[in-house]
Amino acid sequence: MRTRLWLAGIVVGLVAPLTLAVQDFSDIDGELMKAMEDTNKFLEPDIGGRNKDSAKEGAQFLLEGLQWTEQYFASKGPVADAVKISQEGQQHARDILQALDKDEFEKAAAAARLLTKNCKSCHDLYKPRQG
């Protein structure tokens, strides 16, 4: 009996990670994801150039996109890490907006770098590979 339970535990441990690999994310809004990726590329340069209005517009767009992303992944089932990453990204976007409101460009830039790392961490797990 113990041997069967032990073997069952091993099988579950080996198969559970494969669940994410086969989970279907084909219905994700690819246009939104691409727009978010493009916006993120210009965010830190806008902050560095003290282009406050453009930076705020970008951060707000990313915040709203990350709210959508959180809802999307929450509806997909066992992808709590993606939901958490989306929530963390939202906080970074809020931090950017708050810093920009106070003309704290260095703080905004630091938060933008964290947001970029945050996006990359989700893409490393969930972005479909080309090729």
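Visitor: Leaving aside its neighbours within four places in sequence, which residues is Ile96 in contact with?
Guide: This is a predicted model. Neighbours within four places of Ile96 are set aside here. The contacts of Ile96 are then Leu43, Ile47, Ala59, Ala108, Ala111, Ala112 and Leu115.

Visitor: Which residues of the largest nonpolar core touch the most other members?
Guide: Nonpolar side chains tend to be buried together in soluble globular proteins. The largest nonpolar core here has 21 residues. Those touching the most other members are Leu43, Ile47, Ile96, Leu100, Ala108 and Leu115.

Visitor: Which helices each supply at least two residues of this core, and which gives the most?
Guide: Helices H2 (30–48), H3 (52–74), H4 (80–101) and H5 (105–126) each supply at least two residues. One of them gives seven residues, the most to this core. That helix is H5.

Visitor: Which residues does the second, separate core include?
Guide: The second core is separate and has nine residues. Among them are Phe25, Phe73, Ala82 and Tyr126.

Visitor: How many helices and how many strands does the chain have?
Guide: Read along the sequence, the pattern is α-α-α-α-α. The secondary structure therefore comes to five helices and zero strands.

Visitor: What share of the residues in the chain is buried?
Guide: Buried means under 20% relative accessible area. The chain has 131 residues. The buried share is 32%.

Visitor: What share of the contacts with a separation of 6 or more joins residues 24 or more positions apart?
Guide: Take the contacts in the chain with a separation of 6 or more. Residues 24 or more positions apart account for a share of 69%.

Visitor: Where does the kink in H2 lie?
Guide: H2 has 19 residues and reaches 28 Å from its first C-alpha to its last, close to the 27 Å expected. The kink is about 25°. It comes shortly before the proline Pro45, at Phe42.

Visitor: Which helices do the buried residues of H2 pack against?
Guide: H2 has these buried residues: Leu32, Met36, Asn40, Leu43, Asp46 and Ile47. They pack against H3, H4 and H5.

Visitor: Which backbone nitrogen does a side-chain oxygen of Asp29 reach at the start of H2?
Guide: The side-chain oxygen of Asp29 comes to within 3.2 Å of it. The nitrogen belongs to Glu31.

Visitor: Which residue takes a positive phi just after H2?
Guide: The phi there is about 55°. The residue is Arg50.

Visitor: Is Ser121 buried, exposed or partly exposed?
Guide: Ser121 sits in helix H5. Its relative accessible area is 28%. Buried needs under 20% and exposed needs over 50%, so Ser121 is partly exposed.

Visitor: Which backbone oxygen does the side chain of Ser121 reach?
Guide: The distance is 2.7 Å. The oxygen belongs to Asn118.

Visitor: Is Asn118 buried or exposed?
Guide: Its relative accessible area is 6%. The cut-off for burial is under 20%, so Asn118 is buried.

Visitor: Leaving aside its neighbours within four places in sequence, which residues is Asn118 in contact with?
Guide: Asn118 is one of the buried residues of H5. Its contacts beyond four places are Ile85, Glu88, Gly89 and His92.

Definitions and conventions:
Residues numbered from 1 in each chain as written. Predicted model: local features only at pLDDT ≥ 70, side-chain atom pairs only at ≥ 80, totals over all residues. Heavy atoms only, no water. Core = buried A, V, L, I, M, F, W, Y, C linked by side-chain atoms within 4.5 Å. Buried < 20%, exposed > 50% of the residue type's maximum accessible area, 1.4 Å probe, protein only. Helix = DSSP H or I, 4+ residues; strand = E, 2+ residues; numbered from the N terminus. Contact = heavy atoms within 4.5 Å. Expected span 1.5 Å × (residues − 1). Bend = angle between axes of the 7 residues up to and from the residue. Polar contact = N/O pair within 3.5 Å; in protein donor to acceptor, adjacent residues only side chain to side chain.
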